[in-house]
Amino acid sequence: MGDMQIPALVIDQLKKSYDGADVVKNLSFTIESGEIFGLLGPNGAGKSTTINMVSGVTRIDTGSVQVFGHDNRQAYRITRCLTGVMHQEIVIDNFFTIDKALKMHAGYYGMKDDPAWRMLLIDRLGLGAHLHKVMFKLSGGLKRRFMIAKALIHKPRLLILDEPTAGVDIDLRLTLWDFVREINERGTTVLLTTHYLEEAEQMCGRLAIMNHGELVALDSTKRLLNRLGGRQVTAQFDRQIETIPVELDPFHPVQTEEGRALRFALPEEVTTIDLFDKIRGLGLVVTEIETRPPNLEDVFLRLTGSINNVR
Amino acid sequence: MSDNSRPEHYIPGRPFLTLLHKEVRRFLRVSSQTIFTPIITASLYLFIFGATLGERISVLEGFNYAQFVIPGLILMGVINNSFANTASSLFMSRYLGNIVDLLVTPITPPQLILAYTIAAMIRGLSVGIVVWLVSTFFAGLPWDAPLTAIGMATMASLLFAQCGLVVAIYASSFDSLSMYTNFLILPLIYLGGVFYPISILPEPWGKLSHLNPMFYLIDGFRTAILGVGDLPLWLSFLVAGIMSALLFIWVVFLIGRGHRLSS
């Protein structure tokens, strides 16, 4: 059986609790080899705990994690060689320069230094001018770039990025996502968490959304948007609508522009024609229509009831 | 890791050697603190006890005080620095959070322990060698059983490197780390017979000193160098060996379980 048929990551009935509080509750999902998979959720949803259990930083209470068919506790030396992790918090060793630290990290994974690969990472992540600076002299953005290079230095087949763009400028974000796509095209499976829903929407083929330690949605990004995002339709009227007719309730109307317009979120089973048939039936005259495709914010809000921690 | 499942680029032993190399580089990078400061401290002791009091006092028949105190000072340097290296390195990794860099790698707990321990032993024994070299300006030593002395110094550095790992795991802050050093390690060293032979202590202090593990190490090392001491050499090695083994098992248990390292 070729490796392409073995899932990159299988999480089965994973549980973790701290001081009696369940942080991850019977979590199960599978990431196929070659995917860019997004794990989303508000703060405290259990994303980082899940990632830490996969990478070996956090002990698993019950359940199992398999990386390319290898159990991450029984065969941890194999799974850790196969996995590269960029943690959410900035984790660096202040004693060493970027160049030295990257060489050392390759060694930690039992790998001989590959200068061509190291220089590629350095080049693509814009670290070239800072190679011989010690870590504590680097800016926050450079530290994050280094952490990405560090996660990739041993050529992992599963790359885990936990909030890689938190607090970084737009330039780095674009560089990073371009590079992640390139790495993915070279065959690396990517699991990422991000607070930027727009990025998840653009980057990820499939998404899992967690809330309170549980999986509340798991589907392809496209299907998730169509199923739960709803199309947004804004209709302007020839007069002010003072009271929204109850007949429009199934279309989830919200007044905008001081009552001269209504914005509707259409569920999957309702067509735009159904909406306008209903509006016409009520004797209302539409002067302008604007439609917007569903977005992840709507899905996220609907599933978690919270948008405060995401953008 | 079996051959058929090992990632193709994996070189066995390399993770351990890399960590050992990193730990040695870490203390060499701050050698002004880790090597030269202890040497200067020991040199001051040597000056005080060698150049000023050395010829005037004798606590052991046939030897002047400088000859008596030098083995203790050498071993104190070995012990202090072996302990400080593992304690500070592992604690800083925990404190700064970069211990996760090791937790996500294929380095096994015994490899991690050995890499930290051997690096600490290199530092401790290096300081011990330099202290001995400096001491030659003040007094010559007979070196009755040099290999035994080296064996005892190695055992002492091994034991206190393990001790440093235990302290680094249990310490919750810089304050508690220095408390372990100031209220446990230093009193054990100073009361363990560096500056005086335990045999001259009145009771119950003499008997109580036999409960101090440092006494066995210092006396064993001194006996190997001077040819005379309070205890038979085999007893010193036995106590040091048992303590090292127990501490190693304790550290393997703690690090194997990820105690205070992983959540």
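Trainee: Which elements each supply at least two residues of the lining of the largest cavity?

Mentor: In this predicted model, they are α3 (98–108) and α5 (140–152) of chain A, together with α4 (100–103) of chain B. The helix α3(A) gives the most, with four residues.

Trainee: What makes this space a cavity?

Mentor: A cavity is a set of points where a 1.4 Å probe fits but cannot get out. Of the 14 residues that line the largest cavity, the closest to its centre are A:D93, A:H105, A:Y108, B:K22 and B:D101.

Trainee: How many residues of each class are in that lining?

Mentor: The lining of the largest cavity has seven nonpolar, three polar and four charged residues.

Trainee: Which residues line the second largest cavity?

Mentor: Its volume is about 60 Å³, and the lining consists of A:V85, A:H87, A:H105, A:Y109, A:K150, A:A151, B:D101 and B:V104. By class, four are nonpolar, two polar and two charged.

Trainee: Why is B:I57 called partly exposed?

Mentor: Buried means under 20% relative accessible area and exposed means over 50%. B:I57 has a relative accessible area of 33%, which lies between these limits, and is therefore partly exposed.

Trainee: Where is B:I57 found, and which nonpolar patch includes B:I57?

Mentor: B:I57 is found in the loop between α2 (31–52) and α3 (65–96) of chain B. The surface patch is formed by B:I57 with B:F36, B:I40, B:L44, B:F47, B:I48 and B:L53, and together they have about 650 Å² of accessible area.

Terms used:
Residues are numbered from 1 along each chain as its sequence is written. Chains are lettered from A and ligands numbered from 1 in the order in which they are written. This is a predicted model: local features need pLDDT of at least 70, side-chain atom pairs count only at pLDDT 80 or more; totals for chains, interfaces and linings use all residues. Side-chain values use heavy atoms; hydrogens and water are left out. Patches are made of residues with over 30% relative accessible area and no salt bridge: like charges are joined within 9 Å, nonpolar side chains (Val, Leu, Ile, Met, Phe, Trp, Tyr) within 5 Å. Accessible areas come from the Shrake-Rupley method with a 1.4 Å probe; for residues, only the protein chains shown count as cover. A salt bridge is a side-chain nitrogen of Lys or Arg within 4 Å of a carboxyl oxygen of Asp or Glu. Buried means under 20% relative accessible area, exposed over 50%, partly exposed in between (1.4 Å probe, protein chains only). On a 1 Å grid over the protein atoms alone, a cavity is a set of points where a 1.4 Å probe fits but cannot get out, and a pocket is an open set with protein on both sides within 12 Å along at least five of seven lines; lining residues have an atom within 4 Å of a point. Ala, Val, Leu, Ile, Met, Phe, Trp, Tyr, Cys and Pro count as nonpolar, Asp, Glu, Lys and Arg as charged, and the others, Gly among them, as polar. Grid points are joined across faces, edges and corners, and a volume is the space filled by probe spheres set on the points.
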